[in-house]
Amino acid sequence: MRTLVKHAHRSESEVDNILIQGWVRTRRDSKSFSFLEINDGSCLKGIQVIVDAGIPGSEQIALMATGASVEVNGRLVASQGKGQKWEIQATEVKLVGAADETYPLQKKGHTPEFLRSIAHLRPRSNLYGSVFRTRSKLAYAVHQFFQERDFVYVHTPIITASDCEGAGEMFRVTTLPQGKDGDPASDFFGKSAYLTVSGQLEGETFACALSNIYTFGPTFRAENSHTARHASEFWMIEPEMAFCNLEADMDLAEENVKFLCKYVLEECADDLELFGKFVDKQLHERLQFVVERPFQRFTYAEAVEILLKSGKKFEYEVVHGHNLQSEHERYLTEEHCKCPVTVYNYPKAIKPFYMRVNDDDATVAAMDVLVPGIGEIVGGSQREERLDVLKANMAKHELDEEAYWWYLDLRRYGSVPHAGYGMGFERMLMFVTGVHNIRDVIPFARTPGNAEF
RNA sequence: UCCGGCAUAGCUCAGCGGUAGAGCGGGUGACUGUUAAUCACUAGGUCGUAGGUUCGAAUCCUACUGCCGGAGCCA
């Protein structure tokens, strides 16, 4: 039976018969034997195999080059060399699939740009293997966080006809012939349909039935964005809570960020060490800091005051009532507080129709969690639960009430104060790995002009 | 979409007006309980594409394409 390399490394004692299957990372030949380093992706470290000349399969050793897949039978024994506790003294090796000299991954480091061009092979590199193992752990942690708190996981639709206004441009879904716009009424769904930009509106309906829910799934934005933190297809986590106000919403968001950081610190130590060495030297320290210290929290108005008093020269002027620019958010979280920051109560003019209007009638109960290096990682709000106020907001945003009839029904029948937020899964992953580009934390990233693989 | 930068060997880059270079990787050989091994030899390039300037262009100019970074939009 196959043993994963990860388990071989953790062995308490020698093992007489062990089978390892994986890919050759490197081979070093000696006169009478060879060292093979085998990696199977179960952990960062490969396992060293000693192949004596003459054992069954050793005649193929020359073909067991970097990239080849092999099967090794042997004894797990204490290593004579430095750098590993255990190694395998092979009794038999088998070349499963050769890789010739055109195999593009070298033993040395490659640039992320080059590795993106071979996205089908890059998970075989140390860094990307670590990133995608961490991605899996982080996804699991998301579920654990919400399940432990009695949230119900809801699968909101990927194809939708509702536009969560303010969330961005949408991809059209159609079966109409190419090149013809046609009448939406004659299209597959009898109306214009799109890939979802947010499950929030549908999420609200379930929160108003099951109390606390979350969604976790793919989201699509057709924005022509060319930045290190935007992708056309990404995963988003969207909790929604009934009988909940903005303050509890912010509390949960902060707890959520802390939980995920803590989980990764505990469960992905080896991979984090690699990120700390090659990607971001301060990573461990920063995650530790986030877990231990409370987030700073202030209103939009206070944030603007801080920015105005900072004496800092910004490219874009800080103006009351205007959106905070990226550079402003960065100053708040990276320089002024040097920790995650939650900004809340934004001017209502710059926020979408569904956010709850505060008593001052000037601001809405919206909040953003900003983290150093990434910027906005969470955006959320308390939702407008008062039918008349919501209708007035929709009128101001020039939205058609009829298209949102079911959304308005939530306010007609047993309306409750409720709140939620959206957390960008990849942005969270960037934050915990220190990886700077969103294209390097998605297995096959979709960005404008790029859908290879 | 806007602003800026880059494009030379499989990879990372040097060369910046006068006959295409290095390191790594590959191949061959030697050597060694090695671990991004070491040493020697060796193969490998229409210098992103198309124009232009010049006696002569990888090098200067223009356009295009691609990539990267920043902005906006946001997660």
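Helix axes are lines fitted to C-alpha atoms, over the stretch in contact, and the angles between them run from 0 to 180 degrees between N-to-C directions. In this predicted model, the axes of helix H10 (residues 387-396) and helix H11 (residues 405-412) come within 9 Å and cross at roughly 155°. Angles over 145 degrees count as roughly antiparallel, and H10 is therefore roughly antiparallel to H11. The H10 side of this contact is formed by Leu-387, Leu-390, Lys-391 and Met-394, which meet Tyr-407, Leu-408, Arg-411 and Arg-412 of H11. Classified by residue type, the contact of H10 with H11 has 5 nonpolar and 3 charged residues, and no polar ones.

Strand S10 (residues 212-220) pairs with strand S6 and with strand S11. Of the 9 residues of S10, 7 are buried, so the strand is largely enclosed by the rest of the structure. Pairing with strand S6 (residues 152-153) is in the parallel sense and extends over 2 bridges; here Tyr-153 has Tyr-214 of S10 as its bridge partner. Strand S11 (residues 233-242) runs antiparallel to S10, and 9 bridges join the two. Within this pairing, Thr-215 is bridged to Glu-238 of S11.

A further element is an open sheet of 3 strands, arranged in the order S7-S9-S8 with antiparallel pairing. Strand S7 (159-160) and strand S8 (172-173) are the edge strands, each pairing on one side only. The pairing of S7 with strand S9 (residues 193-195) is antiparallel and comprises 2 bridges, with Ile-159 standing opposite Leu-195 in S9.

Conventions:
Residues are numbered from 1 along each chain as its sequence is written. Chains are lettered from A and ligands numbered from 1 in the order in which they are written. This is a predicted model: local features need pLDDT of at least 70, side-chain atom pairs count only at pLDDT 80 or more; totals for chains, interfaces and linings use all residues. Side-chain values use heavy atoms; hydrogens and water are left out. Helices (H or I, at least four residues) and strands (E, at least two) are DSSP runs, numbered from the N terminus. Angles under 35 degrees count as roughly parallel, over 145 as roughly antiparallel, 65 to 115 as roughly perpendicular and the rest as oblique. Contact means heavy atoms within 4.5 Å. Ala, Val, Leu, Ile, Met, Phe, Trp, Tyr, Cys and Pro count as nonpolar, Asp, Glu, Lys and Arg as charged, and the others, Gly among them, as polar. Buried means under 20% relative accessible area, exposed over 50%, partly exposed in between (1.4 Å probe, protein chains only). Two strands pair if DSSP finds at least two bridges between them.
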